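Please look at the sequence and the model below before reading on. The report then takes up a sheet, one of its strands, a helix residue and a ligand.

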Amino acid sequence: MTAQILDGKATAAAIKSDLTVRVAALKEKGVTPGLGTVLVGDDPGSQKYVAGKHRDCAQVGIASIQRELPATATQEEIEAVVRELNEDPACTGYIVQLPLPRGIDENRVLELMDPDKDADGLHPMNLGRLVLNEPAPLPCTPNGILTLLRRHGVEIKGAEVVVVGRGVTIGRPMPLLLTRRSENATVTQCHTGTRDLSSHLKRADIIIAAAGSAHLVRPEDVKPGVAVLDVGVSRSAEGKIVGDVHPGVAEVAAWISPNPGGVGPMTRAQLLVNVVEAAERSVG
Ligand SMILES: Nc1nc2c(c(=O)[nH]1)N[C@@H](CN(C=O)c1ccc(C(=O)N[C@@H](CCC(=O)O)C(=O)O)cc1)CN2
């Protein structure tokens with residue numbers, strides 16, 4: 001069996017095309033959605049992701065507000081930028097690019113954001129709303145993964161899903177989305193403390209690998225017909241992306257997301273969805 005591709009690039013393009021129409025409708029009502037980004041430091045990966053977010057904004061007609069601080073920025077300097085974006089009427093929604101430099105209290109920065117402008121769905125108020133089943137902007141990568149599965153017709157209802165990883169952007173919120181009544185999946189969360197990862201992976205109908213550990217998921221660990229989402233980003237000596245999923249898994253799986261070209265573009269598309277939805281809410 002050779003797996004079919006969960007094509008994030010094409011799916012994101014379709015979402016952006018739909019958003020272009022919605023942004024034009026908002027502009028006719030006098031509202032221009034604006035995405036703010038706060039980038040601290042000079043991590044090349046973060047710089048690339050933020051640049052990509054603004055490229056996407058330009059494509060769909062969303063205005064860009066960019067704030068950059070040096071790696072030496074203090075907690076107070078970062079918080080001052082967050083306060084400024086909270087007050088800026090041109091900024092409909094914004095994100096603080098993660099991770100922040102060592103020594104910065106990330107949670108304190110996220111907590112300071114206006115939850116109504118939280119385009120990432122990572123503010124504690126919005127994560128709490130998700131737990132309580134209340135409407136909230138959804139974390140971009142987990143929601144992007146669900147959209148990718150749905151748009152390719154992969155059955156989520158009743159599926160055994162194994163999530164590998166427990167980071168704040170993917171691993172923690174992913175099970176919350178998957179276990180909503182609308183999804184009805186059964187989720188096992190694995191992490192570095194899991195004793196026998198392979199035994200869990202072998203049971204899975206869907207694997208979401210977000211551990212950041214190169215080729216962690218191997219062909220012998222998965223059952224035939226599984227859908228595999230590769231969210232991991234490690235780098236080879238040449239700087240190329242190496243995912244969490246061994247290439248041989250494509251010979252066993254029914255569905256696989258390429259990396260790059262799978263979950264990454266979906267993360268960016270869902271961010272735009274959150275910005276447009278926030279702007280739509282503002283006009284009622
Ligand atoms: N505030 C946030 N910080 C981070 C998030 C997040 O959702 N919010 N997620 C990741 C990084 N990320 C978004 O910010 C992100 C990662 C990857 C991509 C992407 O499009 N990747 C491309 C490949 C790009 C390359 O060649 O390096 C792909 O997969 O095709 C977009 C966004 C951590 N921080």
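A residue is called buried when its relative accessible area is under 20%, exposed when this area is over 50%, and partly exposed in between, with a 1.4 Å probe and with protein chains only as cover. Helices (H or I, at least four residues) and strands (E, at least two) are DSSP runs, numbered from the N terminus. The structure is a predicted model, in which local features need pLDDT of at least 70 and side-chain atom pairs count only at pLDDT 80 or more, while totals for chains, interfaces and linings use all residues. Residues are numbered from 1 along each chain as its sequence is written, and side-chain values use heavy atoms, with hydrogens and water left out.

**The sheet**

Three strands, in the order β3-β2-β4, form an open sheet with parallel pairing, where two strands count as paired if DSSP finds at least two bridges between them. Its edge strands, each of which pairs on one side only, are β3 (63-69) and β4 (93-96). Strand β2 (residues 34-40) runs parallel to β3 and is joined to it by seven bridges; Val38 stands opposite Arg67 in β3, and Thr37 stands opposite Gln66 in β3.

How much of β2 is buried? Seven of its seven residues are buried. In a regular strand the side chains alternate between the two faces of the sheet.

**A residue of helix α1**

Lys16 belongs to helix α1 (residues 8-28). Is Lys16 buried or exposed? Lys16 has a relative accessible area of 14% and is therefore buried. Leaving aside residues up to four places away in sequence, Lys16 touches Asp56, Gln59, Val60 and Leu272, where contact means heavy atoms within 4.5 Å.

**The ligand**

Around the ligand there are 16 residues, of which Lys53, Val96, Leu98, Asp120 and Gly261 come nearest; a residue is near a molecule if one of its heavy atoms lies within 4 Å of it. The table lists polar contacts, that is, pairs of N or O atoms within 3.5 Å; within protein, one atom must be able to donate a hydrogen and the other to accept it, and residues adjacent in sequence count only if both atoms are side-chain atoms.

| Side chain | Distance to an oxygen atom of the ligand |
|---|---|
| Lys48 | 3.1 Å |
| Gln97 | 3.0 Å |
| Arg268 | 3.3 Å |
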